[in-house]
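My entries follow in the order I made them.

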Amino acid sequence: PNAVPLATACLETAAFLRAALASRLLFTRWLRAPQLVQGGCFALEAFLTYRRHRSRDDVWINRGARAIVGRVYAPDDQGEKVDVDLDTAPGTWRRREATFRIADGLERVKIQGAMREVCRVDGTSIFGVERCVAKAYTRETREWLWSNQGVGDGVYFRDVHAHRVAGKYAADFNAKAPGVRVEVVPAVVVEVLEVKGDNEDAEFTLGSDRKYLHVEPYIEGALEEFSKFNSNTFFAELLLSDRHADPVAEAYSHFTWAASAGKLVVSDVQGVRSMNTLHVTDPQIHTSGPSDAFGAGNGQSEENIRAFFASHECRGICSKLGLAHPFPDDVKKGLETVSS
């Protein structure tokens with residue numbers, strides 16, 4: 001966070017004070033008192049927020065934090081196939097070992113997911129960037145995935161593969177879209193080989209029941225500004241005039257469907273907006289037919305794709321990219337649902 005809100009509030013307060021003192025009438029000064037109090041409150045709130053961010057971000061990982069010795073699997077077109085849990089992970093992977101520090105506590109985020117836990121890691125040895133996070137499925141989620149989808153730790157490879165595929169489509173979208181961008185954060189899978197340090201009292205647990213992690217660079221501003229830009233299914237509220245999905249996210253999702261010749265759509269676009277750029281993580285990918293390539297929550301039928309498009313309205317960016325709605329009758333029904 002920067003000091004712009006703090007500086008703005010201080011300048012407003014100073015302006016109100018100067019105006020009040022310059023007034024020749026005493027009662028006018030008192031009439032301006034509420035403005036002074038309001039400006040002072042704004043300044044204090046901005047100052048406390050600034051101090052909180054600053055103290056929080058000074059140290060990303062404590063020096064005494066646990067260390068992980070891990071095997072890093074990064075998506076690579078020139079890599080090799082990987083077998084995990086009697087299954088073959090989608091895509092090809094380049095592997096190497098790395099040692100990095102990991103926090104004990106959970107990272108609190110604006111939108112707290114129910115399926116995974118998040119904590120800070122020092123990703124310097126992985127991405128060349130210190131400020132990174134690790135994500136891991138809860139025990140309850142892993143049990144559900146195994147019971148209902150027959151997938152174990154291979155889900156981590158599917159999730160990272162989804163990042164890879166969504167990132168490739170984002171690069172193509174950025175080359176054609178008019179003045180907007182989608183940046184999908186890179187991600188890797190880490191197999192935990194050894195944990196050094198006190199692991200017993202850590203809130204973010206590591207051990208025999210958590211052998212893999214999803215690691216990616218932290219999206220700056222995620223704590224306060226993380227947002228879901230569109231949905232992964234029909235969401236009637238997105239068709240309301242004051243609840244439209246983000247136009248960049250919607251155009252990007254539509255673009256992925258067209259670029260893949262209708263084979264898939266990248267949806268559930270979420271992350272942080274910075275000007276005209278969306279910094280995205282955890283995308284979901286619906287496919288038109290059965291597929292084991294992507295993680296939990298990804299649909300595998302045209303019905304799932306059509307459910308997404310039922311609340312998609314083509315706007316300016318879609319038009320500039322020459323995209324026409326593939327299922328106009330579906331969105332018409334969606335509008336009728338909203339109006340009724």
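Exposed, in these notes, means a relative accessible area over 50%, and buried means under 20%. The model I am reading is predicted.

**Entry: methionine 275**

I started with methionine 275. Its relative accessibility is 72%, so I logged methionine 275 as exposed. I then asked where methionine 275 is found. It is in the loop between strand S12 (270-274) and strand S13 (277-281). I also checked the backbone. Phi of methionine 275 is near 55 degrees, a positive value in a residue other than glycine.

**Entry: alanine 261**

Next I looked up alanine 261. This residue is no glycine, yet I read a positive phi of about 60 degrees for alanine 261. I placed alanine 261 in the loop between helix H8 (247-259) and strand S11 (264-267). Is alanine 261 buried or exposed? I found a relative accessible area of 66%, so alanine 261 goes down as exposed.

**Entry: arginine 120**

I turned to a strand residue. Arginine 120 sits in strand S5, which covers residues 116-122. Its relative accessible area is 8%, under the 20% limit, so I noted arginine 120 as buried. Which side chain makes a polar contact with the side chain of arginine 120? I found the side chain of glutamate 107, at 3.1 Å.

**Entry: leucine 213**

I then went to strand S9 (residues 212-217), where leucine 213 is found. The relative accessible area of leucine 213 is 0%, so this residue is buried. I listed what leucine 213 touches, leaving out residues up to four places away in sequence. Among them are Ile68, Ile102, Tyr156, Phe204 and Leu206. Val188, Val189, Val190 and Val192 are also on the list for leucine 213. So is the run Ala134, Lys135 and Ala136. I checked one of these partners by distance. Leucine 213 and alanine 134 are 79 residues apart in sequence, but their C-alpha atoms are 6.1 Å apart in space.

**Entry: cavities**

Last, I asked how many cavities of 30 Å³ or more a search of the whole structure finds. The search gives two. I took the second largest cavity, which holds about 30 Å³ of space. I wrote down its lining: Ile285, Thr287, Ser291, Phe294, Asn298, Gly299 and Gln300. I sorted the lining of this second largest cavity by type. Two residues are nonpolar, five are polar and none is charged.

Terms used. Residues are numbered from 1 along each chain as its sequence is written. This is a predicted model: local features need pLDDT of at least 70, side-chain atom pairs count only at pLDDT 80 or more; totals for chains, interfaces and linings use all residues. Side-chain values use heavy atoms; hydrogens and water are left out. On a 1 Å grid over the protein atoms alone, a cavity is a set of points where a 1.4 Å probe fits but cannot get out, and a pocket is an open set with protein on both sides within 12 Å along at least five of seven lines; lining residues have an atom within 4 Å of a point. Grid points are joined across faces, edges and corners, and a volume is the space filled by probe spheres set on the points. Ala, Val, Leu, Ile, Met, Phe, Trp, Tyr, Cys and Pro count as nonpolar, Asp, Glu, Lys and Arg as charged, and the others, Gly among them, as polar. Helices (H or I, at least four residues) and strands (E, at least two) are DSSP runs, numbered from the N terminus. Buried means under 20% relative accessible area, exposed over 50%, partly exposed in between (1.4 Å probe, protein chains only). Contact means heavy atoms within 4.5 Å. A polar contact is a pair of N or O atoms within 3.5 Å; within protein, one must be able to donate a hydrogen and the other to accept it, and residues adjacent in sequence count only if both atoms are side-chain atoms.
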